[in-house]
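Colleague: I would like to go through the strands and helices of this model. Please take the pairing step by step.

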Amino acid sequence: MTGLSLTNVKKSYGETQVLHGIDLDIDQGEFIVFVGPSGCGKSTLLRMIAGLEDITSGELRIEEARVNELPAAMRGIAMVFQTYALYPHMTVYDNMAFAMRIAKESKDAIHERVMEAARMLQLEPYLDRLPKALSGGQRQRVAIGRAIVRQPKVFLFDEPLSNLDAALRVQTRIEIANLKEELTETTMIYVTHDQVEAMTLADRIVVLSAGRIEQVGTPLELYTDPANVFVAQFIGSPAMNISKARMEKTGETSIVTAESGHNIEVPVRSNESLAGAELQLGIRPEDFLVAEEADALVSGQVLFVESLGEVTLLHINVQGHDDAVVAKLPGILDYHKGETIHLTASPEKIHLFNADGISLKHL
Ligand SMILES: Nc1ncnc2c1ncn2[C@@H]1O[C@H](COP(=O)(O)OP(=O)(O)OP(=O)(O)O)[C@@H](O)[C@H]1O
Ligand SMILES: [Mg+2]
């Protein structure tokens with residue numbers, strides 16, 4: 001069943017349009033993650049779904065019913081923000097019980113739901129504490145618990161973990177992953193800047209840029225088959241390397257000439273209209289292989305070496321590239337600044353985009 005659908009949803013503040021027609025269907029129970037550069041409209045979209053911002057045009061449906069005009073409180077949505085505004089003078093238990101008390105629910109019903117939320121979020125030891133006696137991660141879990149108690153149909157999270165330190169983020173991310181397993185009927189939309197959160201939590205990721213959807217897909221679809229250069233470079237870290245190439249021969253597979261002058265046959269179908277065309281060739285840092293000069297797709301001088309133990313990152317100065325090409329090679333490697341290195345990649349790991357940055361697989 002469709003949990004939530006957006007049809008040609010636009011948002012303008014006065015003359016400035018910030019969302020340019022968003023179309024998206026989300027299944028009930030799905031965990032959707034919005035990612036995109038700062039200012040692309042993620043929070044605005046979330047706030048429109050929550051009912052905290054007007055929808056300039058287009059339609060928002062929750063479980064098939066149009067809700068554009070429905071006040072926030074009646075949409076069955078709960079939202080958790082980056083900053084957790086807990087009531088400072090109330091215990092954890094009372095913070096979580098508050099909304100149900102206002103709604104005049106019975107004491108037993110309140111107790112049952114608060115205890116259930118506390119169990120899910122492992123907050124049982126802290127129920128009698130005030131927020132000031134909790135860590136940031138625990139406070140954020142109380143904010144989530146407070147939302148769970150309301151049994152929303154749709155759960156919205158706007159960068160809920162971004163105020164936490166690295167270790168707490170990992171721990172709280174696991175709590176959220178567990179929550180997703182338990183609340184199978186609840187649709188969740190989660191905004192983050194964190195690649196790992198996006199890749200590990202999402203059923204599907206929505207990549208936004210400047211108020212438009214660039215691509216929607218499972219984390220691995222976006223990683224293995226990005227629709228365009230923007231998505232290719234946004235998903236994955238360090239970002240995919242892009243260089244110029246030319247189409248040598250079109251057909252069921254494509255033969256392309258790399259910057260190095262070396263030809264490679266890539267298993268991507270190409271249309272005759274692309275014969276001789278300028279292309280963009282993408283290789284992820286982790287897909288590079290060290291090669292002989294004669295086979296190299298990329299050659300250059302090592303600018304600097306980052307040894308991380310499990311992998312070595314090589315930043316390479318390649319003629320014609322403003323930015324360094326980055327290779328992520330397994331293990332501890334003995335490269336030095338100034339040394340020449342030649343790299344290639346397996347044909348099936350090579351991504352081809354046309355001059356406008358559209359993947360040949362998506363043309
Ligand atoms: N009340 C407002 N009036 C005018 N412009 C606004 C208003 N709120 C947001 N904007 C603009 O809308 C655009 C989208 O903002 P939004 O907060 O949705 O971005 P975001 O993707 O959440 O960014 P971040 O990752 O930094 O949180 C921005 O250019 C912002 O300046
Ligand atoms: Mg935001």
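This is a predicted model: local features need pLDDT of at least 70, side-chain atom pairs count only at pLDDT 80 or more; totals for chains, interfaces and linings use all residues.

Colleague: Which strands stand at the edges of the open sheet of 6 strands?

Modeller: The order in this sheet is E6-E7-E8-E3-E9-E10, and the pairing is mixed. Two of these strands each have a single partner strand, so one side of each is left without a neighbour in the sheet. The edge strands are E6 (77–80) and E10 (212–217).

Colleague: What does the twist average from one strand to the next?

Modeller: The value refers to the sheet with the order E6-E7-E8-E3-E9-E10. From one strand to the next, the average is 20 degrees.

Colleague: Which residue in E9 stands opposite Val35?

Modeller: Strand E3 covers residues 31–35 and runs parallel to E9, residues 204–209, with 4 bridges joining them. Opposite Val35 in that strand is Val207.

Colleague: At what angle does helix H4 run to E6?

Modeller: Helix H4, residues 136–149, lies across E6 and E7. Helix H1, residues 42–50, also lies across these strands, as well as E3, E8 and E9, and runs at about 150 degrees to E7. For H4 against E6, the angle is about 175 degrees.

Colleague: Which residue in the turn between E11 and E12 has a positive phi?

Modeller: E11 and E12 pair in the antiparallel sense over 4 bridges, and Lys249 has Ile255 as its bridge partner in E12. The two strands form a hairpin with 4 residues between them. In the turn, the residue with a positive phi, about 145 degrees, is Gly251.

Colleague: What is the bridge partner of Arg246 in E14?

Modeller: E11 (residues 241–249) also pairs with E14 (residues 278–283), in the antiparallel sense and over 6 bridges. In E14, the partner of Arg246 is Glu278.

Definitions and conventions:
Residues are numbered from 1 along each chain as its sequence is written. Chains are lettered from A and ligands numbered from 1 in the order in which they are written. Side-chain values use heavy atoms; hydrogens and water are left out. Two strands pair if DSSP finds at least two bridges between them. Axes are lines fitted to C-alpha atoms, for helices over the stretch in contact, and angles run from 0 to 180 degrees between N-to-C directions. Contact means heavy atoms within 4.5 Å.
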